[in-house]
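Here is a colleague's walk through the model, point by point. Please keep the structure open beside the text as you read.

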Amino acid sequence: MIYENPPLPEDVNVSRDSVLGEFLRLLVALIAIVAIAGTMLYFLGGWLARFVPFSAEMSWTGDAVLGFDLQEARDGESTQRYLQSLADRLAAEMELPDGMRPSAHYAELDVPNAFATLGGHIVVTTALYRIMPSENALAFVVAHEIAHIEARDPIAALGGGALLGLGLTLLGRDAEALAPQVAYLVLNGYSRRAERRADAAALEAVRRLYGHAAGAAAAFEALGAHEGRAGRIPTFLSTHPATQERIAALSDAAADWDRTSQPLLPLAVSTRD
Amino acid sequence: MDLIVSLVVAAVLLLAGLLFGRAAEKRHYADLKRREAELRNLLIFNERRLPADVVCSRAVLVVGSAVIAEDYFKHAAASMKSLFGGRITAYESLLDRGRREAILRMKERARTLGATMIFNVRFETASLSEDRSGSRPMFSAEFIAYGTALVP
């Protein structure tokens, strides 16, 4: 009998397919699946959260401004009252549902920012207030935040983030570690659609209150100028997309403004002394 | 920011695993081919009994063992593949190298004894790293090839 060990062919036990190519293909597929599923969960959570009655949202949060370490501005009581009265006047023009009353806060902070959060709370920072050129500009910012509250955007973001976080938790430990970062990305801004809707509602409210919509674009221009000076991006701008486009839209809205008969109002409580 | 940092770290680890792992694999395969050619005339069989016409004066147990570990890229590729299913091609070359290295070491041992054949060759594989602290431990395995070396 003849015994022999012929050379073995190389490709029997080892696939010659590109491992890297396959890995990249699967990675793209995985990212697409996670992104689609995540987006669906986020919107489903947002849709569900809007069914929570506003009264329930208010009773959960009470007087607390959640997710923000609120430092009321020093000597800011008169400004706070002014902001509240401005918010009330705008809310009356916007015909908010019964029981929905925005409460304005004046926060001590060097970053120009304004935001709406759970429970109908609206926060305007001292830095934002100081750079507002007119009451009309400030009113537009406040009305924009009231529009978010009316649209229930804060609780929708919370509900979407919660459902997305739950989905990630169910996926496993690796994905769970990502949850805070995803939540940060999610909560860092409402959708462009929500922003555009809030802009439109705010323009309408300002137009009803003052008879024209001038000054709204100035709010953004002031923020943009501040950005250029300070070299850092104000949060109100950075979380809000397509600033140039929005400024153009707001300027268009003020096209019919007659500047002699409808002057812009100064801020009732001045901080420039 | 944290997200960007962890993505960059993961990408760097993947790239390092890919480059170093590929280089090591290429080197190892070249080495395997050279040594296999050298030892080709030392025959191995998994037959349990000696054929009647084989003449030998000594029969010695010879063992060859190799431990081989995956790199970071293979780990990621295999984890990804385990989600979708199919051949884990990243591990195929790894296990192929481990088996061949174990056989070569067994053969080299037999060569030093002056053997010309190894009969009753068997394989054992043991998966190491039973570390459960991570969600998916890095994979490493030991391959043992053993058989009866026949010295004429």
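**Notes on the two chains**

1. Strand β3 (residues 117–127) and strand β4 (residues 140–151) of chain B run antiparallel and are joined by nine bridges. Within this pairing, B:R122 has B:Y146 in β4(B) as its bridge partner. Strands here are DSSP runs (E, at least two residues) and helices likewise (H or I, at least four), numbered from the N terminus; two strands pair if DSSP finds at least two bridges between them.

2. A word on the ground rules: this is a predicted model, in which local features need pLDDT of at least 70 and side-chain atom pairs count only at pLDDT 80 or more, while totals for chains, interfaces and linings use all residues. Residues are numbered from 1 along each chain as its sequence is written, chains are lettered from A and ligands numbered from 1 in the order in which they are written, and side-chain values use heavy atoms, with hydrogens and water left out.

3. The chain B pair belongs to an open, mixed sheet of four strands, ordered β1-β3-β4-β2. Its edges are β1 (43–44) and β2 (58–69) of chain B; each has a single partner strand, so one side of each lacks a neighbour in the sheet. Helix α3 (residues 89–113) of chain B packs on this sheet and touches β1, β2, β3 and β4 of chain B, its direction making about 150 degrees with that of β2(B). Contact means heavy atoms within 4.5 Å; axes are lines fitted to C-alpha atoms, for helices over the stretch in contact, with angles from 0 to 180 degrees between N-to-C directions.

4. Chain A has an open sheet too, with three strands in the order β1-β3-β2 and mixed pairing. Four bridges link β2(A) with the antiparallel strand β3 (residues 121–125) of chain A, and A:A116 has A:I122 as its bridge partner in β3(A). Helix α3 (residues 77–94) of chain A packs on the sheet, touching β1 and β3 of chain A.

5. How many residues does each chain bring to the contact? Chain B gives 34 and chain A gives 23. About 2,500 Å² is buried between them, 64% of it from carbon and sulfur atoms (accessible area, 1.4 Å probe, lost on being put together and summed over both parts).

6. One salt bridge is counted between the chains, joining the side chains of A:E22 and B:K81 at 2.4 Å, N to O (the cut-off is a Lys or Arg side-chain nitrogen within 4 Å of an Asp or Glu carboxyl oxygen).

7. For confidence, chain A averages a pLDDT of 79, and 84% of its residues score at least 70 (the predictor's confidence in each residue, from 0 to 100). Please treat residues 230–239 of chain A separately: pLDDT stays under 50 there.

Note on methods
Buried area = accessible area lost by both parts, 1.4 Å probe.
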